[in-house]
Amino acid sequence: MPYPMQMGFQDATSPIMEELMYFHDHTLMIVFLISSLVLYIIILMLTTKLTHTSTMDAQEVETIWTIMPAVILVLIALPSLRILYMMDEIYNPYLTVKAMGHQWYWSYEYTDYEDLTFDSYMIPTQDLMPGQFRLLEVDNRVVLPMELPIRMLISSEDVLHAWAVPSLGLKADAIPGRLNQITLTSSRPGVFYGQCSEICGSNHSFMPIVLEMTSLKYFEKWSSMMQS
């Protein structure tokens, strides 16, 4: 959960989100340096009366300001491609869960189990318990084991949705007739919140996502209880 008046990202819960935060800081530093240089040059041009014409028309200067942007783009593109391939790689997942978007709730199916499916609806404000978050709590949480690779299959039955959990660095479109897949690995236990991030209709803001990352022992106990 973000803190009040928080300006940055939520605390990273997965290795992928940690890499995304490092990449964000790397790119932001480059943007900050470019902005500072441009601002300095603009102030210099406005405050300096004399202009050195031979410097302004020099071929070397034009060569430098043509090559430098290309170098900067490479410095941004290489880490970006690395993270992109890391996010796309799914190797021997421990568990597969399918999330289906509806207007306006999510349904989940644990495909490795015979009969483990449920719908996840937002809890109305008047039914919230003390300490629960308005517009974010659901009646059935998605319970998953931590520190294990998990594959999420995401689709929709009606309109476009998007399955997103910011602290895990997850966001995938739920498209009718198409199956998208992402991988998630939580490095610590906890309850993590997300929402549909696609404008899918009048109740778009009322289909939250709640992941409860637990130990493997508790997950097996929960799954057997849900099937019985």
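Predicted model: local features only at pLDDT ≥ 70, side-chain atom pairs only at ≥ 80, totals over all residues.

User: Which residues does UniProt call "transmembrane region"?
Analyst: The unreviewed UniProt entry puts that annotation on residues 27–46 and 66–85.

User: And what does the chain look like over residues 27–46?
Analyst: Residues 27–46 are 100% helix and 0% strand, and their end C-alpha atoms are 29 Å apart.

User: Which residues form the nonpolar patch on the surface?
Analyst: That patch is made of L37, Y40, I41, L44 and M45, and together they have about 520 Å² of accessible area.

User: Let's pick M45. Where is it found?
Analyst: M45 is in helix 1, which covers residues 15–47.

User: Is M45 buried or exposed?
Analyst: Exposed: M45 has a relative accessible area of 59%, and the cut-off for exposed is over 50%.

User: Switching topic to S120. Where does that one sit?
Analyst: S120 belongs to strand 3, residues 117–120.

User: Why does S120 count as buried?
Analyst: Because its relative accessibility is 4%, and buried means under 20%.

User: What is S120 in contact with, leaving aside neighbours within four places in sequence?
Analyst: Y105, W106, Y108, V138, D139 and N140.

User: What lies 2.9 Å from a polar atom of the S120 side chain?
Analyst: The backbone oxygen of N140. So N140 is on the S120 contact list and also makes a polar contact with the S120 side chain, the limit for such a pair being 3.5 Å.

Key: Residues numbered from 1 in each chain as written. Heavy atoms only, no water. UniProt positions renumbered as here; feature names shortened; annotations may be inferred. Helix = DSSP H or I, 4+ residues; strand = E, 2+ residues; numbered from the N terminus. Patch = residues over 30% accessible without salt bridge, like charges linked within 9 Å, V, L, I, M, F, W, Y side chains within 5 Å. Areas by Shrake-Rupley, 256 points an atom, 1.4 Å probe, with all protein chains shown as cover. Salt bridge = Lys/Arg side-chain N within 4 Å of Asp/Glu carboxyl O. Buried < 20%, exposed > 50% of the residue type's maximum accessible area, 1.4 Å probe, protein only. Polar contact = N/O pair within 3.5 Å; in protein donor to acceptor, adjacent residues only side chain to side chain. Contact = heavy atoms within 4.5 Å.
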